[in-house]
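Welcome! Take a moment to look over the model below, and then we will walk through its nonpolar cores and the fold of one of its chains.

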Amino acid sequence: MARTAVPGRLTWRVATLTETTALTATARRLVLDVPDWPGHLPGQHVDLRLTAEDGYSVQRSYSLSSAPDSVELAVQRVDDGEVSPYLCDVLPVGARIELRGPVGGWFVWRPTDQAPVTLVAGGSGIAPLMAMIRTRALEASRVPFRLIYSVRTPDDVYFADELCHRAREDAGLDVKIVYTRRTPEGAPEPPGRLGVATLHTHGWPAEFTPMSFVCGPTGFVETVADALVALGHDPRRVRTERFG
Amino acid sequence: MAIVSPGFTGRRQPPEVRLPPGQYLAEDFPVLTAGPTPRVPTDRWELVISTETGQRHTWTWQQLIELPAEKITTDIHCVTKWSKLGTRWKGVSLDVLLEDVETAADYALVQSYGGYTTNLPLEDLLDGQAWIAYRYDGEALTPEHGGPARLLVPHLYFWKSAKWVHGIQLLLEDEPGFWESAGYHDYGDPWREQRYQGD
């Protein structure tokens, strides 16, 4: 008799890597085929489990960067990491990998929520926010979105073409990219850190009671979340996801 | 049966390092929080333990740090997979704080400045298993890591060790906290890998 999943229980599923492309020189996009994927809320993550020949296994969590109709991860290669270099450089298309999820019910955007949304990403923190942008498009939502995305240089922008395209085509989506080390040629502003002024100008004002989602390295998230609170945002409407 | 990942060798820990299943060793101290970091000045800080009959026991910051404190060296395990070994803390045992609290409660709901909550059985707070910690690694506990004071209950996944602890409500019935209402395990024993509901 086939084993049936207990409702509410997260069972391990077998996923197959179907496609992988470079996002930047140090990050890759992995597309997985997961039979009977139940869908997810944008912002949720999955756990991956890797097992070596001798049975040694490890687990890691990755945010989903896709809308609920597919399973895509954006993996930043950490050079001395145990898992990310394997996922970026070794795992071949067609290989199977164990996965469970989706997980997490807090750092999620629900398309039924009509409040305007400010998204603030630092580096690879764009992944779960990209899932929100894509879900908004998939659902043909009219909720106004503003993305502020901090990267070191133009070469570090994940989903650069797609974001450029969506900024033009997705009505109600604004995209502001902040370069901290080097700007594109001819940019009007010098490189600089994301500060209160940029959040004030390119995010929604506190009076609109937006929902803010902030994702990136710890120091970045601390700074941005503090700045949003200082700008008058209700701390309960500032949701954060940190790594590193 | 496990699926072997082609070409994956991994990085094994030496046999003397014992980690719960699915955990890896972290050298730094990652920060995990669902929202902005609350900043609570110690002159306005207060700890409130309330019972099922509505009795309240409160401590100011000064009263807390005058209580007998312990130094604790312990391993901590985060549900996001990192473990950190031999972390050093200083704090007041919940045995001391609960000594004069009369209760028939079996459960506790811990509340933080900023609105975070987490639940656990009362017995997991007793018998030298839990502390209100206010120093980490020889220094005052920083706001990012839960300062001025956090709950430390290291035998459970670290989300149970509520940062910015403000209150402990003693209850006759279990009431799920913040992550426990969002799909995470009610109890959270890392050695039984109780990460999510149903684990």
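The largest nonpolar core has 62 residues, of which A:Leu119, A:Leu129, A:Phe213 and A:Val224 touch the most other members. Helix α2 (residues 126-138) of chain A gives this core its largest share, seven residues. The core lies between domain 1 (13-103) and domain 2 (117-243) of chain A, because both give residues to it.

This is a predicted model, in which local features need pLDDT of at least 70 and side-chain atom pairs count only at pLDDT 80 or more, while totals for chains, interfaces and linings use all residues. Residues are numbered from 1 along each chain as its sequence is written, and chains are lettered from A and ligands numbered from 1 in the order in which they are written.

**Nonpolar cores**
- A nonpolar core is a set of buried Ala, Val, Leu, Ile, Met, Phe, Trp, Tyr and Cys residues joined through C-beta atoms within 7 Å.
- Buried means that 20 or more other C-beta atoms lie within 10 Å of a residue's own, with C-beta atoms placed from the backbone.
- Another core, apart from the largest one, has 42 residues, including B:Val92, B:Leu97, B:Leu152 and B:Phe178.

**Chain B**
- Chain B has two helices and eleven strands; helices (H or I, at least four residues) and strands (E, at least two) are DSSP runs, numbered from the N terminus.
- Along the sequence, chain B reads β-β-β-α-β-β-α-β-β-β-β-β-β.
- Its C-alpha atoms fill a box of roughly 60 × 35 × 30 Å along the principal axes.
- Of the 199 residues in chain B, 39% are buried.

Technical notes:
A residue is buried if 20 or more other C-beta atoms lie within 10 Å of its own, exposed if 12 or fewer, and partly exposed in between; C-beta atoms are placed from the backbone. Domain bounds come from an automatic or database domain assignment.
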